[in-house]
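Keep the structure open beside you as you read.

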Amino acid sequence: MPEQTPPSTDSAPKRVRTRHFQNAKDNGIRITGLTSYDMLSAQIFDEAGIDFLLVGDSAGNNVLGYDTTVPVTVDELIPLARGVAGAVKRAFVVADMPFGSYENSAEEALHTAVRFMKESRAHAVKLEGGVRSADKIKRIVDAGIPVMAHVGFTPQSEHGLGGHIIQGRGDAGEEALLADALAVEEAGAFSVVLEMVPAQAAARVTEALRIPTIGVGAGPHVDGQLLVWTDFAGFSTGRIPKFVKQYADLRGVLTDAVTRFRADVESESYPGQEHSY
């Protein structure tokens, strides 16, 4: 995410900060983000120049074996975030605040955010909700902690929303989405994720906001894009969201490698002399 246009190697930040998000929006430069839950993937994404890494509560589905993100706890996410934050040299690391860790009060939200900053060494936190979460965002930001907001489809509320339902449809839905986005901007969020909303609605929000918008299934007219890395790399199975473009088939590559390893061991061709002391 260069600090100024035109982008160049010389202008690229050595360490991405919140100001680089704003500079990117102001200069029309797209922001890139991926989820990460471990040191090795974080190193790869960092070296490839991804701007920010989200240690998402999507770890529930991709690491911890849960059906949804709802059961994920702060104690489960902090070690994952610590591994990611310790692995990067350039990328901005955002830690998700899981369900039940901030909804009760602004003080509870601040307590959770402080834990993430102190114990995981993340650079910012993310929490879901627009108008309903504005007071929590303001309290955290006032304490000096950067906040990435998240509106539209909010996975922690999937039971209340009736499943994976696109948000922001129709005039009323679009107005509600815009109200949520404006509320988190006013509360002090440095950026906002728009998940599973119509491209037209996302474009309107992006035009209305001063802070950058990060799309997850929100079309092309946003300031940046975020994907769950296990989806985009072809690790995930089952239903893949329409908005995901799969850039690799790592599940297939790993399956082939494991199959060949098993065959080599069973045939006694591994280990060979070259692998022995």
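Start at Asp57, which counts as buried because its relative accessibility is 4%; buried means under 20% relative accessible area, exposed over 50%, and partly exposed in between, with a 1.4 Å probe and protein chains only. Asp57 sits in the loop that runs between strand S2 (52-55) and helix H3 (59-62). Helices (H or I, at least four residues) and strands (E, at least two) are DSSP runs, numbered from the N terminus.

Before going further, a word on what you are looking at. This is a predicted model, in which local features need pLDDT of at least 70 and side-chain atom pairs count only at pLDDT 80 or more, while totals for chains, interfaces and linings use all residues. Residues are numbered from 1 along each chain as its sequence is written, and side-chain values use heavy atoms, with hydrogens and water left out.

UniProt positions are given in the numbering used here, feature names are shortened, and annotations may be inferred rather than shown by experiment. Look next at Glu128, in strand S4 (residues 124-128). Glu128 is buried, as its relative accessible area is 1%.

The unreviewed UniProt entry also has an "active site" annotation, and it covers Glu195. You will find Glu195 in strand S6 (residues 191-195). Is Glu195 buried or exposed? With 11% relative accessibility, Glu195 counts as buried.

Now for the helices. Two packed helices are described by the angle between their axes and the distance between the axes. Helix H6 (residues 134-142) packs with helix H8 (residues 170-187) at an angle of about 25°, and their axes are 8 Å apart. H6 is therefore roughly parallel to H8; angles under 35 degrees count as roughly parallel, over 145 as roughly antiparallel, 65 to 115 as roughly perpendicular and the rest as oblique. Axes are lines fitted to C-alpha atoms, for helices over the stretch in contact, and angles run from 0 to 180 degrees between N-to-C directions. On the H6 side, Ala134, Ile137, Lys138 and Val141 meet Ala183, Val184 and Ala187 of H8, where contact means heavy atoms within 4.5 Å.

H6 has another partner. Helix H5 (residues 106-120) and H6 pack at an angle of about 50°, with 8 Å between their axes. At that angle, H5 is oblique to H6. From H5, the contact involves Ala106, Glu107, Ala109, Leu110 and Ala113, and from H6 it involves Asp135, Lys136, Arg139 and Ile140.

Leaving out residues up to four places away in sequence, Arg139 touches Ala106, Glu107 and Leu110. Arg139 is partly exposed, with a relative accessible area of 29%. Arg139 and Gly188 lie 49 residues apart in sequence and 9.3 Å apart in space, C-alpha to C-alpha.

Finish at Pro79, in helix H4 (residues 74-87). Pro79 counts as partly exposed, at 42% relative accessibility. Between Pro79 and Glu175 there are 96 residues in sequence and 38 Å in space, C-alpha to C-alpha.
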